[in-house]
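Subject: Structure for you to look at

Hi,

Here is the structure I promised to pass on.

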Amino acid sequence: MKDVKSQAGKSPAPGRQGGLNAEIQSRIGHQLRAMYDDVVRQGVPDRFAELIRKLDVPQSDPQLDNRGNQTIKNDGRD
């Protein structure tokens, strides 16, 4: 662990890009996949699924007539 800390403060050598080596990237990738796979397996709660279904159903706009034209309502303030 001391090795990692001592190297962390150093700048990469000239001509060499900084970053994580392939082994560390692979370990991080495996851990992230394990975490997110668990979340995906949980699925979508019923409440959210119902909200999504409601959003998918087109609703009529009270300001539009049945042909999609905007209606002008007279509120009596002419």
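This is a predicted model: local features need pLDDT of at least 70, side-chain atom pairs count only at pLDDT 80 or more; totals for chains, interfaces and linings use all residues.

Residues are numbered from 1 along each chain as its sequence is written, and side-chain values use heavy atoms, with hydrogens and water left out.

The chain has three helices and zero strands, giving the pattern α-α-α along the sequence. Helices (H or I, at least four residues) and strands (E, at least two) are DSSP runs, numbered from the N terminus. Of the 78 residues, 1% count as buried. Buried means under 20% relative accessible area, exposed means over 50%, and partly exposed lies in between (1.4 Å probe, protein chains only). The chain exposes about 8,200 Å², and carbon and sulfur atoms supply 53% of that area. Accessible areas come from the Shrake-Rupley method with a 1.4 Å probe; for residues, only the protein chains shown count as cover.

Helix α2 covers residues 22–42. Its end C-alpha atoms are 30 Å apart, which agrees with the 30 Å that its 21 residues should span at 1.5 Å a residue. That expected span is 1.5 Å times one less than the number of residues. At the start of α2, a side-chain oxygen of Asn21 comes to within 3.1 Å of the backbone nitrogen of Glu23. After α2 comes Gly43, with a positive phi near 80°.

Now for the charged pairs. Side chains of opposite charge can pair when their charged atoms come close. The structure holds two salt bridges, each being a side-chain nitrogen of Lys or Arg within 4 Å of a carboxyl oxygen of Asp or Glu.

- Glu23 and Arg27 form a salt bridge at 2.8 Å, N to O. Both lie in α2, four residues apart, about one turn of the helix. Glu23 is partly exposed at 48% relative accessibility, whereas Arg27 is exposed at 54%.
- Glu50 and Arg53 form a salt bridge at 3.0 Å, N to O. Both lie in helix α3 (residues 46–56), three residues apart, about one turn of the helix. Glu50 is partly exposed at 35%, and Arg53 is partly exposed at 48%.

Happy to go through any of this with you.

Best wishes

Definitions and conventions:
A polar contact is a pair of N or O atoms within 3.5 Å; within protein, one must be able to donate a hydrogen and the other to accept it, and residues adjacent in sequence count only if both atoms are side-chain atoms.
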